[in-house]
Amino acid sequence: MLGDADLKALGGNLKSVEDESQKHHDDLQKLLGQFQFLLDSYNRLKSDYEEEKEGRERYKRLAKTQERNPFVLVLVDGDGYLFKDYLIKSGHQGGVKAAQLLNESIKDLVHERLGTQADECRIMVRIYSNILGLSKSLGRVGLIGKEARSFSIFAAGFTAAQDLFDYVDAGDKKEGADYKIREMFRLFADNNQCKHIFFAGCHDTGYLSLLTPYRGKTDRITLIKAASFHYDFSSLEFAVRELPSVFMSTQVGTRHIPSPTVPPGAKICTHYQKGICKYGNQCTKVHTGLGQQLSKSVDNTSPGISSYYTKEPRFATRDVEFYSKKLPYMDTRSLQFIAVNKDGERIDTYVPIPSQESRDTYARLSKPSRPCNYYHLAGSCDTENCEYGHTPLDSDSLSVMKYILRQNACPKGAHCRSLKCYLGHICQKDGCRGTKPCKFKPYAHTLDLVVALWADPIERLPEDSPTSEASANTHSMDDSGSVDGVEIAMTL
């Protein structure tokens with residue numbers, strides 16, 4: 001029989017076992033609680049991961065969809081940016097032609113700004129203006145009829161010419177066009193499908209507040225310059241480009257300014273004509289608008305004075321707008337056939353005056369080695385160890401070359417039938433009188449410019465020649481065959 005001491009010891013042991021059992025139970029419950037917490041946390045993380053994964057896949061699908069139809073947007077305030085006179089006067093057909101010219105000009109800018117991505121982008125144009133008010137203004141200066149809303153005929157032609165081109169009547173309220181343009185800009189400024197915005201509203205400083213928040217995005221926005229370009233927009237540091245073949249460069253009602261009298265031998269400031277002369281009234285050259293005819297001041301008592309300064313033209317002179325309207329434009333057809341009139345005389349394609357920027361670029365490229373005419377414009381050069389440059393040129397520089405060489409008359413004249421010929425067969429100089437220093441014979445100023453047929457050439461350009469990438473949208477050059485002192489290789 002157990003003694004009291006033994007019973008007491010057994011009671012203590014039983015208490016210890018009970019305490020250990022309770023501790024073990026508590027530890028097990030704690031462990032199970034921790035395990036349950038970890039399991040709940042895992043489930044939450046898994047759920048978050050699945051949501052994140054689904055969101056990422058949804059974003060990829062959305063991004064892929066947005067990359068599927070890239071485009072560039074051209075926003076134009078039509079109340080301040082007016083198309084060229086002859087386009088407006090031509091009504092519906094003028095609107096169609098304006099759309100064509102704008103499309104071609106913007107294509108060139110898209111290639112400049114976006115590079116290889118340009119070929120994938122469509123061009124969307126939105127022009128907003130007060131059609132009623134614009135009709136009255138243009139009617140007063142005789143560009144259209146004085147009927148109410150007569151400008152709508154031009155606008156309809158523009159809209160019908162291209163699928164994504166719209167000339168929109170914003171109504172006759174004061175800020176109608178501004179409101180539309182602001183909302184369209186905000187809608188597409190951060191849109192991934194919209195790769196670039198060309199903004200044509202720099203006559204109105206009210207748009208500065210719209211553009212200022214985006215001033216760091218120089219790769220997405222380009223400003224278009226035309227009449228009444230306000231200098232404050234230059235402070236935004238966006239690229240600024242001009243479309244001289246599309247929009248007026250002067251305001252309505254100020255285009256027929258009397259020509260200044262210029263003393264013999266005076267030089268014209270080409271920088272002023274481009275609106276960038278930094279010397280202002282201190283400039284030693286004559287400030288006159290692009291395309292204006294200068295009346296030469298002549299002292300008839302001075303011996304040896306050239307009759308060039310006093311002689312009247314023997315025929316009606318033709319200006320740049322006349323040639324841009326009448327001559328065929330460079331396209332795939334002009335790279336395969338030669339345009340001739342009803343008399344069988346060759347008609348050159350229109351070559352606009354190159355921009356100042358293009359001329360400067362060409363001047364820099366020409367300094368190390370003058371580009372070879374045969375290689376770049378005739379398609380090939382067979383001269384062994386040719387002294388002129390064969391380094392590839394960009395499309396703007398090729399256009400500058402083409403413009404310069406078109407100022408030199410082809411010896412075969414209007415009977416030339418070679419596609420490799422890079423010389424001129426008609427004179428395209430603005431207001432040329434057909435006398436010295438013009439290099440063309442008088443008949444080259446009076447040819448009938450209506451294309452009767454596209455004739456087969458006697459020789460064609462080699463396939464994939466450098467000229468196949470030449471651009472037709474360029475803009476002013478002198479007659480000396482040089483660009484700001486950089487001569488072109490006259491390998492005629």
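Strand 5 (residues 221-225) and strand 6 run parallel and are joined by 4 bridges, two strands being taken as paired if DSSP finds at least two bridges between them.

Residues are numbered from 1 along each chain as its sequence is written, and side-chain values use heavy atoms, with hydrogens and water left out. Local features need a pLDDT of at least 70 and side-chain atom pairs count only at pLDDT 80 or more, whereas totals for chains, interfaces and linings use all residues.

The largest cavity has a volume of about 290 Å³. Of the 21 residues lining this cavity, S334, R346, T349, R406 and L419 are the closest to its centre. A cavity is a set of points, on a 1 Å grid over the protein atoms alone, where a 1.4 Å probe fits but cannot get out, while a pocket is an open set with protein on both sides within 12 Å along at least five of seven lines, and lining residues have an atom within 4 Å of a point. Grid points are joined across faces, edges and corners, and a volume is the space filled by probe spheres set on the points. Strand 9 (338-340) and helix 12 (395-406) each supply at least two residues of the cavity lining. Helix 12 also contains I404, which counts as buried because its relative accessibility is 2%; the C-alpha atoms of I404 and G424, 20 residues apart along the chain, are separated by 9.4 Å.

The second largest pocket holds about 290 Å³ of space, and its lining consists of 17 residues, of which Y374, S418, K420, C421 and E459 lie nearest its centre.

The protein averages a pLDDT (the predictor's confidence in each residue, from 0 to 100) of 79, and 79% of the residues score at least 70. Over residues 289-313 the pLDDT is below 50, although this stretch has 38 contacts in the model beyond near neighbours in sequence, a contact meaning heavy atoms within 4.5 Å. Where pLDDT is low, the predicted coordinates should not be read in detail.

Technical notes
Buried < 20%, exposed > 50% of the residue type's maximum accessible area, 1.4 Å probe, protein only.
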